[in-house]
Amino acid sequence: MKTASEFRAIARDALRGRWGLAVLTGLVAVLLGGPVGDAPTVNWQINASALSADLNVAGQTIFSTDALFGSWTTGMLRSMAVFLLLAVLFFLVLGCVIGVGYSRFNLELVDRREPVFRNLFQYFPHWGNAVLTRLLKGLYIFAWTLLLVIPGIMASFSYAMSDFILAENPEMDPSQVLARSKAMMAGNRWRLFCLQFSFIGWAILCAFTLGIGNLWLRPYQTAATAAFYREVSAGQRPGCEF
């Protein structure tokens with residue numbers, strides 16, 4: 001049963017000589033909304049005379065518009081709403097596919113194979129499963145969060161392995177993916193929390209670099225999580241040490 005420091009060591013060893021590729025792949029994955037939490041969002045603001053909407057991807061505004069209320073704006077507002085809806089749907093599909101592809105990239109990395117940049121895009125034939133799995137996962141986490149915050153956090157850890165499972169089983173039914181992740185993480189949620197928390201020092205240092213350090217921290221964290229997945233998917237028993 002490996003500790004957080006051992007998972008980090010596996011990640012560093014896997015990244016040796018491949019940092020450039022890992023940083024580039026991680027950056028593109030984030031920009032395309034692959035990692036959960038980087039999905040596109042639409043922010044609306046309405047006052048007595050105007051409506052504004054911003055489409056944000058990876059923390060950046062890629063489309064912004066304002067419209068004054070009035071009969072002549074009805075068609076423009078309708079067109080704007082349709083455009084934003086289509087854009088969000090596009091980035092939703094893209095982000096889900098990229099998320100699974102990024103998991104595949106990191107599994108190849110820790111398995112000492114030859115990860116390639118095109119791993120990010122190889123799951124487009126299975127985009128439906130990728131989207132439904134992420135939507136169902138979000139629905140479950142939201143439902144648990146309605147009860148209390150803590151159950152919602154626990155649910156997010158329970159389903160944390162879903163992209164890795166899909167990366168190896170792209171045709172698996174979404175409900176089965178989440179059920180497998182939940183079974184896999186039973187008793188292992190605390191271990192994953194320990195692993196994630198063990199990066200807090202690096203995260204603080206990255207804050208002093210205006211976020212630039214995250215270009216290297218994200219591949220490090222994701223590779224360590226892939227190593228964690230390799231262990232828990234083999235059915236080893238839980239525990240937590242640093």
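Reply: Leu210 counts as exposed because its relative accessibility is 80%, and the term exposed requires over 50%. Please bear in mind that this is a predicted model.

Me: Where is Leu210 found, and what is its phi?

Reply: Leu210 lies in the loop between helix H9 (200-207) and H10. Its phi is positive, about 60°, although Leu210 is not a glycine. Most residues other than glycine have a negative phi.

Me: Why is Arg112 called partly exposed?

Reply: Arg112 has a relative accessibility of 43%. Buried means under 20% and exposed means over 50%, with partly exposed in between; therefore Arg112 counts as partly exposed. Arg112 is placed in the loop between H3 and H4, and it has a positive phi of about 65° although it is not a glycine.

Me: What makes a set of residues a nonpolar core, and how many residues has the largest one here?

Reply: The residues must be buried, of nonpolar-core types such as Leu, Ile and Met, and joined through side-chain atoms within 4.5 Å. The largest such core has 46 residues; among those with the most contacts inside it are Met161, Ile165 and Phe228. Helices that each supply at least two residues of this core include H1 (4-15), H3 (74-110) and H10 (214-232). H3 gives the most, with 11 residues.

Me: Which residues is Ile165 in contact with, leaving aside its neighbours within four places in sequence?

Reply: With those neighbours left aside, Ile165 is in contact with Met172, Val177, Arg180, Ser181, Met184 and Tyr229. Contact here means heavy atoms within 4.5 Å.

Note on methods
Residues numbered from 1 in each chain as written. Predicted model: local features only at pLDDT ≥ 70, side-chain atom pairs only at ≥ 80, totals over all residues. Heavy atoms only, no water. Buried < 20%, exposed > 50% of the residue type's maximum accessible area, 1.4 Å probe, protein only. Helix = DSSP H or I, 4+ residues; strand = E, 2+ residues; numbered from the N terminus.
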